[in-house]
Amino acid sequence: MDDEQLNFRNELLRALGPQERDLIVPHMEPITLDVPLILEMERTPVGDVYILESGLASIVARFPGGRDIEVGIVGREGMTGAAVMLGGDQSANRTFMQVSGHGFKLPAPILSAAMEESRALRSLLLAYVQTLLAQTTSTVLANGHAKLEERLARWLLMVHDRTDGMTISLTHEFLAVMLGVRRAGVTVALHLLEGKGLIRSTRRQIVILNRRGLIEEAHGSYGAAEEEYRRLIGSPLGR
């Protein structure tokens with residue numbers, strides 16, 4: 001990997017020291033991550049982990065009958081392979097790209113060996129897993145107690161944190177899957193946020209108009225996990 005490729009956008013790669021980078025960077029393969037590429041399958045051994053430089057991946061839990069709900073998202077702040085970081089070999093959930101981007105593919109055995117060799121790398125990646133748990137906790141709380149428009153505001157903020165610009169390209173159908181609700185409910189929630197001047201929505205795009213307003217609309221469901229990331233990783237997640 002040449003010098004230009006060392007100008008990483010991924011926050012975990014940026015947080016690594018030279019010795020830790022030497023353990024994994026030579027084994028990283030640049031890869032285009034297109035929608036709907038599956039990065040991990042549920043109850044299937046993880047062969048590779050993916051380190052995102054751009055784009056967005058969804059961690060989705062699957063209910064009997066094919067019903068899905070998003071339990072986490074990963075962007076340039078992190079990577080897939082939490083099970084590997086914890087010493088396991090497979091995930092209970094499916095992870096796939098929901099916004100196209102690019103990044104690196106790293107064989108899971110290489111990551112495991114590097115974590116055994118470097119205490120600093122192990123500490124960083126376990127801290128990252130803790131931030132994922134904080135994110136999942138916030139998602140559970142939001143799903144259980146927040147109104148749909150509040151959950152949608154939180155979700156848009158989380159996506160905005162991990163992508164460039166103010167435009168998010170997603171369909172209403174996809175949003176319904178991510179939030180675990182019917183498409184009609186998503187449409188109503190989008191209209192509510194749009195009526196308040198917080199977003200502009202079309203069938204395939206959402207434009208963020210007022211980020212501060214979205215934070216207020218989320219009513220406390222956004223912010224706790226983002227602060228935990230800043231505390232543990234040492235870099236801000238929100239804008």
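Contact means heavy atoms within 4.5 Å. By that rule, serine 138 touches Arg154, Ser221, Ala224 and Ala225, not counting residues up to four places away in sequence.

## Basis

This is a predicted model, in which local features need pLDDT of at least 70, side-chain atom pairs count only at pLDDT 80 or more, and totals for chains, interfaces and linings use all residues. Residues are numbered from 1 along each chain as its sequence is written, and side-chain values use heavy atoms, with hydrogens and water left out.

## Serine 138

Serine 138 is found in helix α5, residues 119–145 (helices, H or I of at least four residues, and strands, E of at least two, are DSSP runs numbered from the N terminus). Serine 138 counts as buried because its relative accessibility is 11% (buried is under 20% relative accessible area, exposed over 50%, partly exposed in between, with a 1.4 Å probe and protein chains only). Its C-alpha atom is separated by 6.7 Å from that of alanine 225, 87 residues apart along the chain.

## Helix α6 and its contact with α8

The axes of α6 and helix α8 (residues 183–195) come within 9 Å and cross at roughly 75°. Axes here are lines fitted to C-alpha atoms, for helices over the stretch in contact, and angles run from 0 to 180 degrees between N-to-C directions. The two helices, α6 and α8, are therefore roughly perpendicular to each other (65 to 115 degrees; under 35 is roughly parallel, over 145 roughly antiparallel, the rest oblique). On the α6 side, Leu148, Glu149, Leu152, Ala153 and Leu156 meet residues of α8 including Val186, Ala189 and Leu193.

Arginine 151 also lies in α6, which spans residues 148–162. Arginine 151 is buried yet has no salt bridge, and the nearest side chain of opposite charge, glutamate 150, is 8.6 Å away. Lys and Arg count as positive, Asp and Glu as negative, and His and the chain ends are not counted.

## Salt bridges

A salt bridge is a side-chain nitrogen of Lys or Arg within 4 Å of a carboxyl oxygen of Asp or Glu. The count comes to eleven salt bridges. One of them joins arginine 94 and glutamate 42 at 3.0 Å, N to O. Arginine 94 counts as buried at 17% relative accessibility, and glutamate 42 counts as buried at 12%.

Arginine 76 and aspartate 164 meet in a salt bridge at 2.7 Å, N to O. Arginine 76 lies in the loop between β5 (68–74) and α3 (82–85) and aspartate 164 in the loop between α6 and β8 (167–169), so the pair ties together parts 88 residues apart in sequence. Arginine 76 is buried, whereas aspartate 164 is partly exposed.
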